[in-house]
Amino acid sequence: MATIRFGFRRLNFHLLRRSFLLLKLTAFVIAVLLFCEFLIYYLVIVWCNWPEIKTPAHDSERETLEPVLKAMFLADTHLLGEVRGHWLDKLRREWQMERAFQTALWLLRPEVVFILGDIFDEGKWSSPQAWADDVERFQKMFRHPPHVQLKVVVGNHDIGFHYQMSTYRIKRFEKIFNPERLFSWKGINFVMVNSIALEGDGCNICSEAEAELIEISHKLNCSLKEQHSRRCEDGQPLPASAPVLLQHFPLYRRSDANCSGDDAAPPEERGIPFRERYDALSREASQKLLWWLRPRLVLSGHTHSACEVLHGAGIPELSVPSFSWRNRNNPSFIMGSMTPMDYALAKCYLPCEDTVLITYCGAAGFLVVRILVHFGLLASPSPFGWKLLRKFKTR
């Protein structure tokens, strides 16, 4: 009888020990998941700060500051479609973008967010049903409170390159995203350009796009003139501020050879010449935009890598890297503090994909070792560690 009781107690002890192990391993797995899928975004983005800008305007003897607009700029989200989008790729990369965007909204509190094209990966050929599904996923991922404005610029993956784009695809895109080309807030003018339509071949879509830009140029010129002509009397006057130009294609440059930084193109790719109308706008289209709009700053996407370039009389252009792990290991976005006469930009990096993968691999290795040690299939590393520690102390 005593032997039976002893065996029963021993069995209970082993069951309790295994249950305790299972509980610890479950808690460890949950902790790793919470860190890699939620907490890491807060730990990284919390270090991002809005750049300071000081533009004092003197009012008698008192110094006041102009209101500052907090704007976020991101690019090339490339939501996967039904043709090239594997379900696991969609789940992994789209969850990353959703968590990064929602965390940035919560921590940084921007007033407006601009996405500089290639919202979707297969918009250029997606069916009506596939388009509707992609739009629904986008609206879930990039949901935002009513007081935050979301502005979107069209990209080549949204409507196709010049030879693929059509009025139907453009209208489909503009039905979801406001088609306005000129947006003004807090005295700052933003011009959002359909850079795919700047082919310069006289097609109907291209001609309409150029006519619209010429009209915007006229309005901007009127806002900067002290004495308005009769042509400037129609419509609501714009703020007297040089615009910020937003587009998908970068302005013409030969290559990324002069680009540098952790998120620039890989060194072996920087010297590859850019093809006009494919990798960047043509020389002619770039010169027209700079002449018509006379921007103080240009922000673009398309290359998936960062680059800073000066055009003409020192007009800066910043290529915004991709926001998705699918296009780069270290995605980022731009934070802009802006006033009608000045601006300051800062870059905010997101968690690196390899950091998350290494964390998962390390956690999986720890689980395997712990289970093998528990079942006696592997010697516990603890005694070896204590021996090393004692040996170190005796020296």
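Phenylalanine 190 stands opposite valine 244, a residue of strand 8. That pairing is a handy way into this structure, which is a predicted model. Strand 8 and strand 7 (residues 188-192) run in the parallel sense, and three bridges hold the pairing on record here. In general, the strands of a sheet pair through backbone hydrogen bonds, in either a parallel or an antiparallel way.

Zooming out, the sheet in question is an open one built from six strands, and its order reads 6-7-8-9-11-10. The pairing in this sheet is mixed. At the edges sit strand 6 (182-185) and strand 10, each of which pairs on one side only. On average, neighbouring strands of the sheet are turned by 20 degrees against each other, with direction ignored. Helix 6 (residues 204-224) packs on the sheet, where it touches strand 6 and strand 7. The direction of helix 6 makes about 170 degrees with that of strand 7.

Next come the cysteines. The structure holds three disulfides. One of them joins cysteine 48 to cysteine 348, with an S to S distance of 2.0 Å. Cysteine 48 lies in the loop between helix 1 (2-45) and strand 1 (56-59), while cysteine 348 belongs to strand 13 (residues 343-349), so this pair ties together parts that are 300 residues apart in sequence. The torsion about the S-S bond of cysteine 48 and cysteine 348 is about 80 degrees, which makes the disulfide right-handed. As for solvent, both cysteine 48 and cysteine 348 are buried.

Another disulfide links cysteine 259 and cysteine 307, whose sulfur atoms are 1.8 Å apart. This pair also connects distant parts of the chain, 48 residues apart: cysteine 259 is in the loop between strand 8 (244-246) and helix 7 (267-270), and cysteine 307 is in strand 10 (residues 307-311). The link of cysteine 259 and cysteine 307 is left-handed, with -70 degrees about the S-S bond. Both cysteine 259 and cysteine 307 are buried.

The remaining disulfide joins cysteine 203 to cysteine 206, with 2.5 Å from S to S. Its torsion about the S-S bond is about 80 degrees, so the link of cysteine 203 and cysteine 206 is right-handed. Cysteine 203 has a relative accessible area of 22% and so counts as partly exposed, since the buried class takes only values under 20%. Cysteine 206, at 1% relative accessibility, is buried.

Two further cysteines are worth a quick look. Cysteine 36 is buried, as its relative accessible area is 0%. Cysteine 352, by contrast, comes out as partly exposed, with a relative accessibility of 26%.

With a relative accessible area of 0%, threonine 103 is buried. Setting aside the neighbours within four places in sequence, threonine 103 is in contact with Tyr41, Tyr42 and Ile45.

The structure holds three cavities of 30 Å³ or more. The largest cavity has about 120 Å³ of space. It is lined by 15 residues, and Val152, Val154, Phe173, Glu174 and Arg181 are the closest to its centre. Strand 5 (149-153) and helix 5 (167-176) each supply at least two residues of this lining. Helix 5 gives the most to the lining of the largest cavity, namely three residues.

The largest pocket has a volume of about 570 Å³. Its lining is made up of 26 residues, and those nearest the centre are Glu269, Asp279, His302, Thr303 and His304. Helix 4 (156-159) and helix 7 are the elements that give two or more residues to the lining of the largest pocket.

Conventions
Residues numbered from 1 in each chain as written. Predicted model: local features only at pLDDT ≥ 70, side-chain atom pairs only at ≥ 80, totals over all residues. Heavy atoms only, no water. Disulfide = S-S within 2.5 Å. Helix = DSSP H or I, 4+ residues; strand = E, 2+ residues; numbered from the N terminus. Buried < 20%, exposed > 50% of the residue type's maximum accessible area, 1.4 Å probe, protein only. Pairing = 2+ DSSP bridges. Axes fitted to C-alpha atoms, helices over the stretch in contact; angles between N-to-C directions. Contact = heavy atoms within 4.5 Å. 1 Å grid on protein atoms, 1.4 Å probe; cavity = no way out; pocket = protein on both sides within 12 Å on 5 of 7 lines; lining within 4 Å. Points joined across faces, edges and corners; volume = space filled by probe spheres on them.
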